[in-house]
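Trainee: I have a new structure to look at. Could you walk me through how to read its features?

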Amino acid sequence: SSQGELEYVSLSRKSSFAQGACPATAQVWRGESLKNILNYATVCAQSGQFEKLEPLGQYLAQNHYQLAWGPYYLSLVAESRKQYQRALWMLDLAMKREPENALLYYQKGRIHWALGEFTPAVKYFQAAIDKNSKFVDAHLFLGQTFY
């Protein structure tokens, strides 16, 4: 699994990679290592630059198709456009590739929550915690929900 390669990164906590710079063009990141491309994608997601995240997600989905990261980042792009069914479809694909990746379950819970589907949302937040008991954002979301 690529989880060992890229630690969980919360979208609510900023990455220090490249001083928070989301690359303006693909020429910046083409030829970079997988780890650097994933870091660029995370910075773009954290800064809400989804138009720049989309080509990174597409590149990852096409060139590292065995990993979940391409579909995961494309689910964030779809979510930003309120294309929730597409986001769920991308997450299903990602979960087939990495069924133990807690971040995918958390993201799926977020999408269900956005759709007003609270019971499945709670189920996916709990699944994220079951897969990674140290997943702070999932604990926080569930705690706020139960409060």
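Mentor: Let us begin with how elements are named: helices (H or I, at least four residues) and strands (E, at least two) are DSSP runs, numbered from the N terminus. With that in hand, Lys-82 is found in the loop between α4 and α5 (84-97). Before we go on, remember that this is a predicted model, where local features need pLDDT of at least 70, side-chain atom pairs count only at pLDDT 80 or more, and totals for chains, interfaces and linings use all residues. Residues are numbered from 1 along each chain as its sequence is written, and side-chain values use heavy atoms, with hydrogens and water left out.

Trainee: Is Lys-82 buried or exposed?

Mentor: Buried means under 20% relative accessible area, exposed over 50%, and partly exposed in between (1.4 Å probe, protein chains only). Lys-82 has a relative accessible area of 62%, so it is exposed. Its phi is positive, about 60 degrees, although Lys-82 is not a glycine.

Trainee: How many helices and strands does the chain have?

Mentor: There are eight helices and zero strands, giving the pattern α-α-α-α-α-α-α-α along the sequence. Of the 147 residues of the chain, 46% count as buried.

Trainee: How do I read the packing of two helices, say α3 and α4?

Mentor: Axes are lines fitted to C-alpha atoms, for helices over the stretch in contact, and angles run from 0 to 180 degrees between N-to-C directions. Angles under 35 degrees count as roughly parallel, over 145 as roughly antiparallel, 65 to 115 as roughly perpendicular and the rest as oblique. Here α3 and α4 pack at about 150 degrees, their axes 7 Å apart, and are therefore roughly antiparallel to each other.

Trainee: What is the handedness of the crossing of α3 and α4?

Mentor: A crossing is left-handed if the near helix is turned anticlockwise from the far one by less than a right angle, and right-handed if clockwise. The crossing of α3 and α4 is left-handed. Contact means heavy atoms within 4.5 Å, and the residues in this contact include Phe-50 and Leu-53 of α3 and Trp-69 and Tyr-73 of α4.

Trainee: And what about α2 with α4?

Mentor: Helix α2 (residues 34-46) and helix α4 (residues 69-80) pack at about 15 degrees, with axes 11 Å apart, so α2 is roughly parallel to α4. Their crossing is left-handed. Leu-38, Ala-41, Thr-42 and Ala-45 of α2 meet Trp-69, Tyr-73 and Leu-76 of α4 in this contact.

Trainee: Which residues form a disulfide?

Mentor: A disulfide is a covalent bond between the sulfur atoms of two cysteines; here the cut-off is a pair of cysteine sulfur atoms within 2.5 Å. The structure holds one disulfide, formed by Cys-22 and Cys-44 with their sulfur atoms 1.9 Å apart. The pair links distant parts of the chain, 22 residues apart: Cys-22 lies in the segment before α1 (26-29) and Cys-44 in helix α2. The link of Cys-22 and Cys-44 is right-handed, with 95 degrees about the S-S bond, and both cysteines are buried.

Trainee: Which residues is Gln-49 in contact with, leaving aside its neighbours within four places in sequence?

Mentor: Gln-49 is in contact with Cys-22 and Cys-44. Its place is in the loop between α2 and α3 (50-63), and Gln-49 counts as partly exposed because its relative accessibility is 21%.
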